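I opened my notebook to look over one protein model. Here is what I looked up, entry by entry.

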Amino acid sequence: MNETNQHEVWQVEVGGRVYEAPFGDLPVWIEEGSLLPEDKVRKGNLRWIEARRVPSLVPFFNAKADGVSPTLIATTNSVVSPETNPSSPEPAPAPPSSVTPTQPAATPNISGPKAQATSPGSCSLHPDLPSGYVCDGCGAHFCKGCPNAYGSVRICPSCGSFCSSMADAVSKVKKSSRSSAAISEGFGFSDFGNAIAHPFRFIPSLLIGGFMFMLFTLGQSAAGMGSIFLAVAALFCVLLANMLTFGVLANTVDSFVKGDLDADFMPSFEDFSIWTDVLHPFFLSIGVYITSFGPFAVTLLIGFYLIMSSITSQSETVQSDLEKIPGTQYYSARETAQQSEEVKKVLADIAANRAIQQTQVAEGVVPQAPVDQETLDQEALWENVQQSRRKQLESTFGTTDAAQEMQAQQVFSSFLRLAAPLVVISAITLLWGLFYFPAACAVAGYTRSLMATLNPLIGLDTIKRLGLDYAKILMMGIILLIASGLVSAFLAVIFSPFDMPRVGNLPATAVGAFFAFYFTAVFSCIIGYAMFKASDRLKLPR
């Protein structure tokens, strides 16, 4: 990294302890063997990486391996310019063993020839020669022979910083100018067009990422086959799909915020880690969904519970009332048994009276009557009692069909009483989810922190700082959502003959997954452009 500043504070993990030191001290640590290539380092709040993977440290490790003192590259004390006398070397800083953890080590003083003030197109030490390099530290211009060369690395003889070629310097100036001009233009629908075109600038990444997402999406269909092992495999596919989509989101937002608008949207898997590249993006996605659509899911669960409880309560009440009507399917066994006992008692009394009458007739006490009037009276009386009771209950509860209709009406009215407020609350929480989802994605992208993603206050503060730009993000997101729905419907119609039970329409799912990945990349670019152009308002480092 040619842009590395010698005074930038880096964190170094050595022997399980974390130290802080300026970048200029790290070559001394490498020379003394205190900093090894496999030790972890990072700048600021960036992710930890192995020291040998930092481009700015590679020349020092190479010098160490070749038996050359790495401090020659950092201090240039042993390099003598043709026009100056050698200066006495400064004392080297202490190794990490003598540095208190999290305390910065002393920054070495760098001496060397002083650059003269000349025109930007000429060398600072040789005004008659054109400049071929420019110092990243002091900004002095040098001809091709002035910078101290260590392989492909050029070191400023004046301050010891890295030197860039004039072509690279001009490219950086142009890039900075473009970034400043883009920020001054503000976020708009031209960025929407750039976001749509950006994935096509990296066709291999688009094809590979789309194919991976297609496989993960098809794997999720395995859950419908019923096997517990296939269900577990489907769960892993969900995890991997979230890894890929939120990996794209985080990588794109991080690159765009730093001003690298030409960066690939696909994350790099060179240093693959289960936690960093799989689990962490998955948890970030869970955090985004919880803060966005968590209230909507909770409302649906509570509403379902209340409606089922009310329906069950109403059904039990009506069932209890219907069980009191004799002669219906709802009439309880207890009531039926009680009625049967009453009928048996009445019939027994009638049989006893008939036996007495027959005995009296046989003995000639009373003449035989053609019709037992008393029996007829008792039977008529019992029938009248039963009819009166039935009419009384039916007047209260209605007939069997009417009672069933009344039961349905009561259940439906109970549902309506609960449904109205639940529909309103559900609509509000759904709108909240759609409104807040881009902000949650933005927070997850530029912080990469689960706690920050779960904190809605950070998302609301992001929305506040974005202002009108956030409304544009929502509008672009709705356009992508509609386009995704139209593509899914079109594919479902085209591939409808391939629809199979339990697994669904696999061809439509596969092609739709590829388009879904593309829309995810476009949405990530939209968030990245918006965050980049609002980086000053959001106070994001670049």
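Accessible areas here come from the Shrake-Rupley method with a 1.4 Å probe, and for residues only the protein chains shown count as cover. With that in hand, I noted that the protein chain exposes about 29,200 Å², and that carbon and sulfur atoms supply 63% of this area.

Ground rules next. This is a predicted model, where local features need pLDDT of at least 70 and side-chain atom pairs count only at pLDDT 80 or more, while totals for chains, interfaces and linings use all residues. Residues are numbered from 1 along each chain as its sequence is written, and side-chain values use heavy atoms, with hydrogens and water left out.

**Entry: the whole chain.** I found 16 helices and 11 strands in the protein chain; these are DSSP runs numbered from the N terminus (helices H or I, at least four residues; strands E, at least two). Of the 542 residues, 39% count as buried, where buried means under 20% relative accessible area, exposed over 50%, and partly exposed in between (1.4 Å probe, protein chains only). I also looked up contacts, meaning heavy atoms within 4.5 Å. Among contacts with a separation of 6 or more, 65% are between residues 24 or more positions apart.

**Entry: the second largest pocket.** A pocket is an open set of points on a 1 Å grid over the protein atoms alone, where a 1.4 Å probe fits, with protein on both sides within 12 Å along at least five of seven lines; lining residues have an atom within 4 Å of a point. The second largest pocket has 28 lining residues, and Tyr289, Phe437, Leu481, Thr520 and Phe523 lie nearest its centre. Elements giving two or more residues to this lining include helix 8 (274–322), helix 11 (400–447) and helix 15 (506–533). Which helix gives the largest share of the lining? I got helix 14, with 7 residues.

**Entry: cysteines.** A disulfide is a pair of cysteine sulfur atoms within 2.5 Å, and by this rule I count 0 disulfides. Cysteine 163 is in none, and the nearest cysteine sulfur, that of cysteine 156, is 4.8 Å away. Is cysteine 163 buried or exposed? I have cysteine 163 down as buried, with a relative accessible area of 6%. Cysteine 135 is buried too, at 4%.

**Entry: arginine 448.** I found arginine 448 in the loop between helix 11 and helix 12 (450–454). Its phi is near 55°, a positive value in a residue other than glycine. Arginine 448 counts as partly exposed, because its relative accessibility is 31%.
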